[in-house]
Amino acid sequence: ARWAMLGAVGCLVPEWSSNTGNVPWFKAGQQIFADEGIQYLGFDGLINAHSIVATLIVQVIVMGTVEGYRNGGIAAEWADGLDRLHPGGPFDPLGLADDPDAFAELKVKEIKHGRLAMFS
């Protein structure tokens with residue numbers, strides 16, 4: 001659900017940003033095959049993707065690392081004793097999970113927003 005929420009934002013930002021030429025989300029992927037590649041957020045050299053294979057490899061490495069930490073497959077001292085499915089510790093810099101009642105409500109809101117994002 002969290003990845004769907006990020007994906008929904010990733011579809012809207014290129015369309016709304018004048019730096020990207022207001023590219024619709026369904027045409028954004030084909031730009032990787034253009035000579036200039038994908039210029040993320042319209043800035044030359046920020047992340048210049050020319051190869052779909054390199055992009056796939058980077059995504060697999062990054063997502064594998066994140067999911068490894070979340071599932072406990074990769075041991076990390078800073079994550080010992082933390083709930084790996086819900087925010088807290090270093091993933092809660094604003095202290096939103098300190099109040100148990102508010103935290104329970106935020107979990108429900110996250111599920112509802114995630115379902116809406118998956119639908120979108």
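Let's start at Leu6, which sits in helix H1; helices here are DSSP runs of H or I with at least four residues, numbered from the N terminus. This is a predicted model, where local features need pLDDT of at least 70 and side-chain atom pairs count only at pLDDT 80 or more, while totals for chains, interfaces and linings use all residues. Residues are numbered from 1 along each chain as its sequence is written, and side-chain values use heavy atoms, leaving out hydrogens and water.

Leu6 counts as exposed because its relative accessible area is 53% (exposed is over 50%, buried under 20%, partly exposed in between, with a 1.4 Å probe and protein chains only). Together with Trp3, Val58, Val62 and Val66, Leu6 makes a nonpolar surface patch of about 460 Å². Helix H1 (2-16) and helix H3 (52-71) each give two or more residues to it, and H3 has the largest share, with three.

Next, look at Ala28, in helix H2 (residues 25-28). With a relative accessible area of 22%, Ala28 is partly exposed. Leaving aside residues up to four places away in sequence, Ala28 touches Val23 and Ile38, where contact means heavy atoms within 4.5 Å.

Finally, head to helix H4 (residues 100-119), where Lys109 and Glu105 lie four residues apart, about one turn of the helix. Their side chains meet in a salt bridge at 3.3 Å, N to O (the rule asks for a side-chain nitrogen of Lys or Arg within 4 Å of a carboxyl oxygen of Asp or Glu). Lys109 is partly exposed at 38% relative accessible area, and so is Glu105 at 46%.

Technical notes:
Patch = residues over 30% accessible without salt bridge, like charges linked within 9 Å, V, L, I, M, F, W, Y side chains within 5 Å. Areas by Shrake-Rupley, 256 points an atom, 1.4 Å probe, with all protein chains shown as cover.
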